[in-house]
Amino acid sequence: MIHVCPLFSGSSGNSTYIGTKEAGVLIDAGRSCKSILSALDQCGIDPSAVKAILITHDHNDHISGLRVLAKRLRAPVYASEETLCGILRAGCAEKDTQLVELSGPSDIAGMGVIPFDTPHDVAHSQGFRLEAGERTVGFATDLGRVTPEIWEGLYGADLVFLEANYDEAMLAVSSYPYYLKTRIRSDRGHLSNTDSAQCIRRLALSGTGRFILGHLSKENNTPDLAGQTVRQVLVESGLEEGRDFLLQVARRLEPSQPVCF
């Protein structure tokens with residue numbers, strides 16, 4: 001049975017556990033080591049089950065806790081070459097931490113991990129497709145648009161964890177400066193609720209039945225609004241929640257209910 005445990009999700013820090021009770025990976029380490037270990041415990045996951053840490057990119061909300069956590073868990077860190085360089089520049093890895101370039105399909109923690117590029121305003125960000133036996137999870141946050149490569153990485157997955165960062169109307173009237181609003185809306189920024197809903201609609205009509213919305217903006221979104229936007233699009237497409245799809249919004253500051261299947 002695969003456990004998908006969103007520990008934290010948002011600009012305050014990101015980390016998600018994916019795997020079995022015995023072996024799995026953490027995606028990102030954007031909170032303190034103490035916070036992440038406590039969140040794992042709340043989800044019933046022993047820290048020894050974490051066999052590796054995958055990093056999507058080197059923004060602070062994805063790597064701030066990495067140095068201490070990787071040392072504590074003695075876990076190798078996998079990421080793109082550019083992200084590994086960013087981790088070193090930021091001082092987020094000990095000298096003896098094993099850093100592994102993730103440039104293609106790899107066997108990690110008993111799962112097949114397939115990285116795919118995501119368009120974001122960093123040197124090289126990635127999402128991941130994780131395959132464990134007959135179970136598949138797609139993971140993509142911090143992306144300005146859904147590219148064919150991302151679609152290929154998510155298509156046919158049993159569960160998809162996808163960004164729903166901002167509501168267009170809230171962002172338009174927010175106190176953010178114009179340059180930041182432009183960055184967020186750009187093709188190398190973030191997905192809006194509407195963008196996420198349209199991608200999820202395609203995935204749901206293709207057979208994916210479980211979805212987790214993540215990386216919501218604190219200032220320009222709410223969990224209710226993100227969930228409502230996606231649900232409305234799915235229902236208007238003739239899909240019924242509980243029969244055709246399950247939808248959850250990952251919490252910002254505490255672990256969410258694990259999804260096990």
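Mentor: Two strands count as paired if DSSP finds at least two bridges between them. Strands (E, at least two residues) and helices (H or I, at least four) are DSSP runs, numbered from the N terminus. This is a predicted model, in which local features need pLDDT of at least 70 and side-chain atom pairs count only at pLDDT 80 or more, while totals for chains, interfaces and linings use all residues. Residue numbers start from 1 along each chain as its sequence is written, and side-chain values use heavy atoms, with hydrogens and water left out.

Start with the sheet that holds β1. This open sheet has seven strands in the order β6-β5-β4-β3-β2-β1-β14, and its pairing is mixed. The edges are β6 (99-101) and β14 (259-260); each has a single partner strand, so one side of each has no neighbour in the sheet. Inside the sheet, β2 (residues 15-19) and β3 (residues 24-27) run antiparallel and are joined by four bridges. Along that pair, Y17 is placed opposite L26 in β3.

Two helices pack on this sheet. Helix α1 touches β1, β2, β3 and β4 (contact means heavy atoms within 4.5 Å), and its direction makes about 140° with that of β1. Here axes are lines fitted to C-alpha atoms, for helices over the stretch in contact, and angles between N-to-C directions run from 0 to 180 degrees. Helix α3 touches β3, β4 and β5, with its direction at about 155° to that of β4. The axes of α1 and α3 come within 8 Å of each other and cross at roughly 55°. The two helices are therefore oblique to each other; angles under 35 degrees count as roughly parallel, over 145 as roughly antiparallel, 65 to 115 as roughly perpendicular, and the rest as oblique. At this crossing, C33, I36 and L37 of α1 meet V68, L69, R72 and L73 of α3.

The largest nonpolar core belongs with these elements. Such a core is a set of buried Ala, Val, Leu, Ile, Met, Phe, Trp, Tyr and Cys residues joined through side-chain atoms within 4.5 Å. Buried means under 20% relative accessible area, exposed over 50%, and partly exposed in between (1.4 Å probe, protein chains only). The core has 29 residues, and those touching the most other members are L7, L26, L40, I53, L66, L69 and I87. Two or more residues come from each of β1 (3-8), α1 (33-42), β4 (50-54), α3 (66-73), β5 (77-79) and α4 (81-89). The biggest contribution, five residues, is from α1. For I53, contacts beyond four places in sequence are L26, L66, L69, A70, A75, P76, V77 and Y78. A second core is separate; its 27 residues include V160, A164, A204 and V249.

There is also another open sheet of seven strands, ordered β7-β8-β9-β10-β11-β12-β13 with mixed pairing. Its edges are β7 (106-108) and β13 (246-249), each with a single partner strand, so one side of each is left without a neighbour there. On average, neighbouring strands of this sheet are turned by 20° against each other, direction ignored. Seven bridges join the antiparallel strands β8 (residues 111-118) and β9 (residues 125-132), and G112 has E131 in β9 as its bridge partner. By contrast, β10 (residues 135-140) and β11 pair in the parallel sense over four bridges, with V137 opposite L159 in β11. Strand β11 (residues 159-163) has five of its five residues buried: L159, F161 and E163 on one side, V160 and L162 on the other.

Helix α9 (residues 223-236) lies across β12 (210-214) and β13, at about 155° to β13. Helix α8 (residues 193-205) packs against α9 at about 40°, the axes being 9 Å apart. That angle makes α8 oblique to α9. The residues N193, T194, A197, Q198, I200, R201 and A204 of α8 meet L225, A226, T229, V230, V233 and L234 of α9.
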